[in-house]
Amino acid sequence: MTKFMLLMNMDGGNCDTPMLEWDKADMDAHMKYLGDHVERLRQSGELVEVNALSWPKHAKVVRSTGVSAPVLTDGPYAESKEILAGYTMVDVESEERALEIAAEQSAAPGPGGVPLEQPIEVRRLMESDGDLHDF
Amino acid sequence: MAISTTSDHADGPGHELEDLLRELTPQVLGAVVRWSGDFAAAEDAVQEALLAAATTWPRDGRPDSPKSWLIQTASRRLIDEVRQQQARRRREERAALREVPLGEVEEHDDTLRLLFLCCHPALTPASAIALTLRAVGGLTTAEIATAYLVPEATMAQRISRAKSKLKGASFELDTDPDRLRNVLHVLYLIFNEGYTSTSGPELHRSDLSSEAIRLTRAVRAQLPDDGQVTGLLALMLLTDARRAARTGKTGELIPLAEQDRSLWDRDQITEGVALAVEAFETPPLGEYQLQAAIAALHDEVDRAEDTDWPQILALYGLLEDLSGNPMVKLNRAIAAAMVDGPDAGLKLLEPLDEELAGHYRLDATRGHLYEMRGDNEAAAEHFRAAARGTTSLPERDYLMTKAASLS
């Protein structure tokens, strides 16, 4: 089994309307879709962790030399599409399975039930195991 | 029943009780499955009985026959469960009328039957591993989850899905050699999971290796004349014997040639070598026997430079014919380099460019062979490529350090 992190940015995919301006019915359908998806991952024994991150207004960036007081700035001020919105960690049989799960997330419905095609970044975790074989 | 952090269980009555319960688990479960005919329900009932034993025995004293006590307790729980279901569904009290088995059932060992069931081909390796550790190994779901670094709920879900997949599967021994091969493969995977874990926060995971050795011993007790089984046990012992030497103070990996061999476990090596010889003389020769023979040749010598590389090269040749595994070809190239020089090894790697395109171990092997050749620049380049390709943190650190030391 291999662990993968599925990263979702605050990128609306093919929908330009910010989620805060969606109709309630569309928002409910979107939330239900993602909630059901997580529940299926829980049932299949593949879910390790799922978390959403708070809005960027709560974010800080820290820089330090390790000697003088660290410099704090608000931010990040990257384009909102590049800001991490949440992540799902799964433990699955193969990379193919991780990609399949990401595709299901990406197809979450937006306004009018149209799939959002949100980009999901799939990253494999480094393992703490290691073996040099007979070198 | 926490997994201890050492393989030495001699310290204290808690460990003694833990060992006893784990040893009895497959026997008790076997008896209850046999009696009830329902693996999934029996497994739940035995887990409850084990928990009851772990809490009441230290307080009230150990029963005269621990095995009977466990079988009876588990059977009663099963009956209670069946009664509740029947009351709910208003079914006739068929199973509940059966008598509780006395516990002194026939003295045959059901370990093998249970292992065959838990390593059923219908299950994925991950499910088979989880079920084996719980049903045959007697570990709790929480312990297995900790060992595999996933939340307990995730592991519980995997176990329950595996059990429901086995509904209706036969408890009779299937003598198809593929089934035994499956069992040995699952044990090998459990062993490897423990062996390759590096020290640090996952220290407890190394206990999986001890558990795999214990279970493989149990299989060998039932099938003493099977060369594959003996070979696998030998391989595990000979590999595990080097455990203390394979990582340094900060968890960094130490290659075989640089290990402090005084840290190797001599008793395990003595036993492993004897078993490897026995397995090698028991045809047909399979992968485990050959790998055990190679491990024995490494473990037998006190100094890396005394290693019998011509023999190892010949054994890798046999292994390659048998498995065709490209990873075996890499090892054979290393052995060839030790016998005939680095160019011979590099030549053997050439046909692997297609088969293993971009695999970090091909880069790592080339790095070692170029280093042997004295071509440090090419070596460093291959080690850097390997460092980018691996998904293992300790391996990456080793490869980056190698590259840095050659630049």
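Q: What makes the crossing of α18(B) and α19(B) left-handed?
A: In this predicted model, α18(B) passes α19(B) in a left-handed crossing. That name applies because the near helix is turned anticlockwise from the far one by less than a right angle.

Q: Why are α18(B) and α19(B) called roughly antiparallel?
A: Helix α18 (residues 376-389) and helix α19 (residues 393-406) of chain B pack at about 160°, with axes 8 Å apart. Angles over 145 degrees count as roughly antiparallel, so that is the label for this pair.

Q: Which residues of α18(B) and α19(B) make the contact?
A: On α18(B) they include Phe383(B) and Arg384(B), and on α19(B) they include Leu399(B) and Lys402(B). By class, this contact has nine nonpolar, one polar and three charged residues.

Q: How many helices and strands are there in chain B?
A: Chain B has 19 helices and zero strands.

Q: What makes β2 and β6 of chain A edge strands?
A: Over in chain A, an open sheet of four strands runs in the order β2-β5-β1-β6, with antiparallel pairing. β2 (47-52) and β6 (120-124) each have a single partner strand, so one side of each has no neighbour in the sheet. From one strand to the next, the twist averages 15°.

Q: How do you know that β1 and β5 of chain A pair?
A: At least two bridges are needed for strands to pair, and β1 (residues 2-9) and β5 (residues 84-92) of chain A have eight, in the antiparallel sense. Met5(A), for one, has Met89(A) in β5(A) as its bridge partner.

Methods. Residues numbered from 1 in each chain as written. Chains lettered and ligands numbered in written order. Predicted model: local features only at pLDDT ≥ 70, side-chain atom pairs only at ≥ 80, totals over all residues. Axes fitted to C-alpha atoms, helices over the stretch in contact; angles between N-to-C directions. Helix = DSSP H or I, 4+ residues; strand = E, 2+ residues; numbered from the N terminus. Parallel < 35°, antiparallel > 145°, perpendicular 65-115°, else oblique. Contact = placed C-beta atoms within 7 Å. Nonpolar A, V, L, I, M, F, W, Y, C, P; charged D, E, K, R; others polar.
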